[in-house]
Amino acid sequence: MLLEEGTHTVKHVGNGCQAIKALSDESLDLVVTDLEMPELNGLELVEAMKVEFPHRPAVVVTAQGSEDLGSKTVHAGAAGYVPEHHLQTMLNDTVADVLG
């Protein structure tokens, strides 16, 4: 809802495997993913995207926010990281920054 309020078009999928399929089927500009998901977690999704879709950026969101975890997600290939407690203030700005 925050992204839609920020005038972004959003496609929602239920897990990381569905995200990979959606990336294969459609021209998506960016992936915003939770760290904790069934079947393929956010880090695994970012790592898979790095191989299969290297020019599609990902932003990871998680309730388990820490500087170490943020660094780990960026090292895995994420273009950005937003702790869940900062979603309201940071998500749309982070997406805008990543998309340029």
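## The sheet

Let's start with the open sheet: three strands in the order 1-2-3, paired in parallel. Strands here are DSSP runs of E with at least two residues, helices are runs of H or I with at least four residues, and both are numbered from the N terminus. Two strands count as a pair if DSSP finds at least two bridges between them. At the edges sit strand 1 (31-34) and strand 3 (80-83), each pairing on one side only. On average, neighbouring strands of this sheet are turned by 20 degrees against each other, direction ignored. For such angles, axes are lines fitted to C-alpha atoms (for helices, over the stretch in contact), and values run from 0 to 180 degrees between N-to-C directions.

A word on the model before going on: it is predicted, so local features need pLDDT of at least 70 and side-chain atom pairs count only at pLDDT 80 or more, while totals for chains, interfaces and linings use all residues. Residues are numbered from 1 along each chain as its sequence is written, and side-chain values use heavy atoms, with hydrogens and water left out.

## Strand 2 and its partners

Strand 2 (residues 58-62) pairs with strand 1 in the parallel sense over four bridges. V31 stands opposite A58, and D34 has V61 as its bridge partner. Strand 2 is also joined to strand 3 by four bridges, again running parallel; here V60 partners Y81.

Five of the five residues of strand 2 are buried, so this strand is largely enclosed by the rest of the structure. Buried means under 20% relative accessible area, exposed means over 50%, and partly exposed is in between (1.4 Å probe, protein chains only). In a regular strand, side chains alternate between the two faces of the sheet. In strand 2, A58, V60 and T62 point one way, while V59 and V61 point the other way.

## Helix 3 over the strands

Helix 3 (residues 42-52) lies across strand 1 and strand 2, running at about 150 degrees to strand 1. Strand 1, helix 3 and strand 2 together make a right-handed β-α-β unit. Right-handed means that, with the strands pointing away from the viewer, the path from the first strand over the helix to the second runs clockwise.

## The nonpolar cores

A nonpolar core is a set of buried Ala, Val, Leu, Ile, Met, Phe, Trp, Tyr and Cys residues joined through side-chain atoms within 4.5 Å. The largest one has 20 residues, and among those with the most contacts inside it are I20, L45, M49 and V60. Helix 2 (16-25), helix 3, strand 2 and helix 4 (67-76) each give two or more residues to this core. Helix 3 supplies the largest share, five residues. There is also a second, separate core of eight residues, including L2, L3, V61 and L91.

What does V60 touch, leaving aside its neighbours within four places in sequence? Its contacts (heavy atoms within 4.5 Å) include T33, V46, T73 and Y81.

T7 is found in the loop between helix 1 (2-5) and helix 2. T7 has a positive phi of about 70 degrees although it is not a glycine. At 71% relative accessibility, T7 counts as exposed.

E39 sits in the loop between strand 1 and helix 3. Its phi is near 70 degrees, a positive value in a residue other than glycine. E39 counts as exposed, at 62% relative accessibility.
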